[in-house]
Amino acid sequence: MANDAVLDRPRLAPSAWSIPWRVFRNPWLVAAMATLAVAAAWSATGTTPRAVAHLWTWLPALLRGLWMNIEISVLAVALGTAVGLVVGALSLSPAPAVRVPVRCYVQAFRNAPILVLVYFATYVFPFEWRLAQWTIPFPDWMKVVLGLALPTSANVAEIFRGAIQSIPSAQWEAAQSLAFRRSQIFRLVVLPQCVRRMLPPWMNLYASITMSTSLASLVGVHDVVDTAQIASNTVARTDFTILVYFTLLALFFAYCYPIARATRALEKRHERP
């Protein structure tokens, strides 16, 4: 009778939010919806074929500018990850003389606005280094890399610390009972699990830093935003200006959306026992 009651129970309709969320799981549907949204925006703003022709002319320059943003994001995340792993390990030190300054470093750069850090790196570091009789230039894009690497290192340190502390202490004790040294436990037991747990938030952090590279144009870096501003001022058409900034949104979306999809796939994979 209980089984019959369960079978006769009416099924609940899906919630209002579940259907749209399922649509966003399909990348092809998302791409089609984005294309339709851009086309609707073009028609609503009165975009003319002449503006589209100008966009086609400027598109190679926009792609070169986007490549500059990608280079900055890759270098900033690589540098920040290397520093963040060291800082995260030091934050677990039992010595307060080591742990307290490291925690202050993490809290300072995690809670600082990225724009302020970009300006900080731009104006604090010199424009060139003098080494004996040689002069080594220090371009603005390298300063932006340093400015973005500071919050990256602080966030990676917290991700690494949280991943290590999430490993149950029973695994350490079990490995010690098998006569593993502490370095072997860390390398063979703890670190592989930390990498799996760190990868999804690390990829989210990379996508966030990539979008933050749009601030590089404010300090003189010739990136995709700066290229769009030059194109808008050169063509001097309202419909082209709207069109070129919609193109910026599409370019960043096309680069960051696959990262978000891969992050979600990794999270689902690691949820399995």
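Predicted model: local features only at pLDDT ≥ 70, side-chain atom pairs only at ≥ 80, totals over all residues.

Student: Okay, at what angle do α4 and α9 pack?
Tutor: About 135 degrees, with the axes 9 Å apart; α4 covers residues 49-90. Axes here are lines fitted to C-alpha atoms, for helices over the stretch in contact, and angles run from 0 to 180 degrees between N-to-C directions. Therefore α4 and α9 are oblique to each other.

Student: Which residues make that contact?
Tutor: From α4 you have I70, S73, V74, A76, V77, T81 and L85, and from α9 M198, W202, Y206, I209 and T210. Contact means heavy atoms within 4.5 Å.

Student: And how many of the residues in the contact of α4 with α9 are nonpolar, polar or charged?
Tutor: 9 nonpolar, 3 polar and no charged. Ala, Val, Leu, Ile, Met, Phe, Trp, Tyr, Cys and Pro count as nonpolar, Asp, Glu, Lys and Arg as charged, and the others, Gly among them, as polar.

Student: What about α7 against α9, how do their axes cross?
Tutor: At roughly 145 degrees, coming within 9 Å; α7 is residues 140-165. The α7 side of the contact includes L148, F160 and I164, and the α9 side includes F186, R197 and W202. That contact divides into 14 nonpolar, 3 polar and 1 charged.

Student: Switching topic: is Q193 buried or exposed?
Tutor: Q193 counts as buried because its relative accessibility is 18%. The cut-offs are under 20% relative accessible area for buried, over 50% for exposed, and partly exposed in between (1.4 Å probe, protein chains only). Q193 is found in α9, residues 182-212.

Student: What does Q193 touch?
Tutor: I167 and Q171, not counting residues up to four places away in sequence.

Student: Zooming out, how many helices and strands are there?
Tutor: The chain has 11 helices and 2 strands. Helices (H or I, at least four residues) and strands (E, at least two) are DSSP runs, numbered from the N terminus.

Student: How much of the chain is buried?
Tutor: Of its 273 residues, 35% count as buried.

Definitions and conventions. Residues numbered from 1 in each chain as written. Heavy atoms only, no water. Parallel < 35°, antiparallel > 145°, perpendicular 65-115°, else oblique.
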